[in-house]
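Colleague: I would like a close look at one part of this model. Please take it slowly and connect it to the rest.

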Amino acid sequence: MAREQVEFVQAQDLEWQPDPQFEGAECKLLSLDTDTGARTQLQRYRPGHTAEGDNPLCCGEEFYLLAGSFYLNNFEYSAGCYGYLPAGHARQRLFVPDGAVLLRFFDHLPAPLSTDPDGATARAEGREAIACLDSYRMSWDYSVHDIKLAHLGFARKNLRIDPVTGQRTFLFMTSPQAHPTNYQGPQESHPTPEEAYQLHGDLTGHVGTMYAGAYFWRPPHIPHGPFGTRGGSLSLIRFVDGAHVNIWSKEAHAFSYQQPYQPVLPEWMPVTSQSTPGENY
Ligand SMILES: [Fe+2]
């Protein structure tokens, strides 16, 4: 399998590693496509980090800033800011004054543009950059209705819909004290991979309770849920390589806030500890 299931890992349980793709930066690799090099990772830059000139990549990238700030292409990004840069797009004058931690979603190996200019051209076809969205300045969309998710009291902020594949990236919030009616409900699945990074709160599902810093990559057609939360939750979710479609099971499955943690993790993932939930990176 090109990109194995990761469901779920608390990022706090992974160690920062030197990033072979970005000199002077550290990473926590969260999921990896071993065929293409596509990956999702946390990236940490130390205070004072700089990269002069223009350093375009041969891959497209979505990113969301968790902490700190940085400058790139004459924009200032702070916590909650999102951007999308297609393959080959300019990346001028990176400067990280006080350090930064960000989530990065690469659609191919993040290598310099010069290593694969033709591949970059193909990957960028039909796609435009989103220079900067400050998600704190966006309003929640409460109009999305799926009756089988109504118990979550959820809302959404769309960050990006890919014009080629229809894939969607969005923030997803659930209200506190939410669980399926009578503690049971159907499971959902999707025809595309789904991945999520939890930014705040708690969210309990079939694999246990995710807290801030939880990450999953779920390949297509794996049933999941039902879900509930005690304190509410905020996650960044992506449906990858296709439109977001919910397929529901006919039978009901039990929900429990006490669901034990039963992760499915790839062999390469070096989980070193099980931490106390707290920081979101
Ligand atoms: Fe789902």
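Is Asn182 buried or exposed, and how many other C-beta atoms lie within 10 Å?

Modeller: This is a predicted model, so read every value as computed from it. Asn182 is exposed, because 9 other C-beta atoms lie within 10 Å and the limit for that class is 12 or fewer. The residue sits in the loop between β13 (168-174) and β14 (184-185). Its backbone deserves a look too. Phi of Asn182 is positive, about 60°, and the residue is not a glycine. Most residues other than glycine have a negative phi, and most peptide bonds are trans.

His221 lies in the loop between β18 and β19. It is exposed, with 11 other C-beta atoms within 10 Å. The loop between β18 (214-218) and β19 (233-239) also holds Pro226. The peptide bond from Gly225 to Pro226 is cis, with omega near -5°. Another cis bond runs from Glu7 to Phe8, where omega is near -15°. Phe8 belongs to strand β1.

Now place these details in the whole chain. The secondary structure comes to one helix and 21 strands. The radius of gyration is 19 Å, close to the 19 Å that the globule rule gives for 281 residues, so the chain is as compact as a globular protein of that length. Along its principal axes the C-alpha trace spans about 60 × 40 × 40 Å. Of the 281 residues, 37% count as buried. Take the contacts between residues at least 6 apart in sequence: 77% of them join residues at least 24 apart.

The chain divides into domain 1 (14-136) and domain 2 (139-254). Their C-alpha centres lie 25 Å apart. Across the boundary, 14 residues of domain 1 are in contact with 14 residues of domain 2. On the domain 1 side, the elements that give two or more residues are β3 (26-32), β6 (61-72), β8 (81-85), β10 (100-106) and β11 (130-134). The residues on that side divide into eight nonpolar, four polar and two charged.

Five of the five residues of β8 are buried, so the strand is largely enclosed by the rest of the structure. Both of its faces are covered. Cys81, Gly83 and Leu85 are buried on one side, and Tyr82 and Tyr84 are buried on the other. Strand β8 also has pairing partners. Four bridges join β6 to β8, and these two strands run antiparallel. Within that pairing, Phe63 stands opposite Gly83. Three bridges join β8 to β11, again antiparallel. There, the bridge partner of Tyr84 is Ile130 in β11.

Trp16 is found in the loop between β1 (6-10) and β2 (17-18). Leaving aside neighbours within four places in sequence, Trp16 is in contact with Glu26, Lys28 and Arg44. The C-alpha atoms of Trp16 and Lys28 are separated by 5.4 Å, and the two residues are 12 apart along the chain.

Notes: Residues numbered from 1 in each chain as written. Predicted model: local features only at pLDDT ≥ 70, side-chain atom pairs only at ≥ 80, totals over all residues. Domains from an automatic or database assignment. Contact = placed C-beta atoms within 7 Å. Nonpolar A, V, L, I, M, F, W, Y, C, P; charged D, E, K, R; others polar. Buried ≥ 20, exposed ≤ 12 C-beta atoms within 10 Å, placed from the backbone. Pairing = 2+ DSSP bridges. Rg over C-alpha atoms; globule rule 2.2 N^0.38 Å.
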